[in-house]
Structure formats: structure tokens, C-alpha cells
Amino acid sequence: MRVSGIGAPREVLRTAFAALSELGEVLATSPIIDSAPVGPSQRTFANAAAVIEGEFAPPAMLGALHRIEREFGRERRGRRWRARALDLDIILWSGGIWVSYQLSIPHPAFRERGFVIGPASAIAGDWRDPVSGFTLSQLNARLTRPRALPR
């Protein structure tokens, strides 16, 4: 299946949600939010989270996610922050921690990214980060709480 990666970011995500069902049962999908880019891109991105139940071990799941990205036109060659229609990551896994050369679970930067924590906490707020022990709801609250301005 070849999917056109060109389109509004929210529509790309809606189509990607359907493609994820090839990997197992999609138990939940979050609302889609808009976010600013990480890196040099100028476009607005759409972000969401999904909970998938399947039989894939993490490396096989990563391979399957990369295949879906390629179907949406993603190329993994060249610049790290290049424009892409779709970027799928494994943030957490029910098996806890996974570390290999190609993959780290939990995702190393997810705790600092509101565009990850917000959608994920909306559908799996009670899931715990196996490193910090905090739930996704707690991590989201810590990231979004108002802070006093420095004096």
C-alpha cells in the first residue's frame, strides 16, 4: 500500500491510525493536537497517540512502523530533522524498558515533550514511566503546570 504523504497533517494522522490496525488491535487513539516543530522545520505538525495491542516484540514493531512511514513517503536518509509526512515512535511498551542500538523504550525525550505527553495521557493516563515511576497523567501535570516567573 502506498499512501500519499502529501496532505494536511491531521488527515495524514487519521489515515495513519487506520494503517496501525495492520499491526494489532488499536485499543485507543487520542485527540489530534497541533504543535510547533522540533528542529528547523517551518510547518505546523499534528500529533496524537495510539495504544496498540499486538504480538510484535519491540524491534519488529519498530520495523513495522518504519514500513508504514515509508508508505507515507518518509525517507530515513540524510538530514536528521528533514521534513517528513509521518513520524511514528514507540513511546512506552507494556514490557517496561527495552534498550538496543536501534531502539530505546521508553522514548528518551518523551518526558519533555508536551506534544507526546498530552495525547498519550489522554488515552493511557495511568500508564507508568518505568524509569521515573510517574504516570503519564502525573508527567503531563508536571510539564504543563504554571510556573512562577523568575524575579
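Okay, housekeeping before anything else. What we have is a predicted model, where local features need pLDDT of at least 70 and side-chain atom pairs count only at pLDDT 80 or more, while totals for chains, interfaces and linings use all residues. Residues are numbered from 1 along each chain as its sequence is written, and side-chain values use heavy atoms, with hydrogens and water left out.

So, the overview. The chain has four helices and six strands; helices here are DSSP runs of H or I with at least four residues, strands are runs of E with at least two, and both are numbered from the N terminus. Reading from the N terminus, you get α-β-β-β-β-α-β-β-α-α. Out of 151 residues, 35% count as buried, and by buried I mean under 20% relative accessible area, with exposed being over 50% and partly exposed in between, using a 1.4 Å probe and protein chains only. Now contacts, meaning heavy atoms within 4.5 Å. Of those in the chain with a separation of 6 or more, 53% are between residues 24 or more positions apart.

Which residues of α4 are buried? In this helix, residues 136-144, they are Leu136, Leu139 and Asn140. They sit on the same side of α4, because the arc they cover around the axis is only 100°, the arc being that of the directions from the helix axis to the C-beta atoms. As a reminder, an α-helix has 3.6 residues a turn, so residues three or four places apart point the same way.

What covers them? Part of the answer is α3, residues 114-124. The axes of α3 and α4 come within 8 Å and cross at roughly 140°. Those axes are lines fitted to C-alpha atoms, for helices over the stretch in contact, and the angles run from 0 to 180 degrees between N-to-C directions. That angle makes α3 oblique to α4; under 35 degrees would count as roughly parallel, over 145 as roughly antiparallel, 65 to 115 as roughly perpendicular, and the rest is oblique.

Who's actually touching? From α3 we have Gly114, Ile117, Gly118, Ala120, Ser121 and Ala124, and from α4 Leu136, Ser137, Leu139, Asn140 and Leu143.

Staying with α3, its buried residues are Val116, Ile117, Pro119, Ala120, Ser121 and Ala124. Covering them, you'll find β2 (33-35), β3 (45-47), β4 (50-53) and α4, among others.

The peptide bond from isoleucine 105 to proline 106 is cis, with omega near 5°. Proline 106 lies in the loop between β6 (104-105) and α3.

Two more residues and I'm done. Methionine 61 belongs to helix α2, residues 58-71. Is methionine 61 buried or exposed? Buried, at a relative accessible area of 13%. Beyond residues up to four places away in sequence, methionine 61 touches Leu23, Ile52, Phe56 and Ile90. With Ile90, 29 residues apart along the chain, the C-alpha separation is 8.2 Å.

Then leucine 27, in strand β1, residues 25-29. Leucine 27 is partly exposed, with a relative accessible area of 46%. Setting aside neighbours within four places in sequence, leucine 27 is in contact with Val51 and Glu53. Its C-alpha lies 7.5 Å from that of alanine 50, 23 residues apart along the chain.
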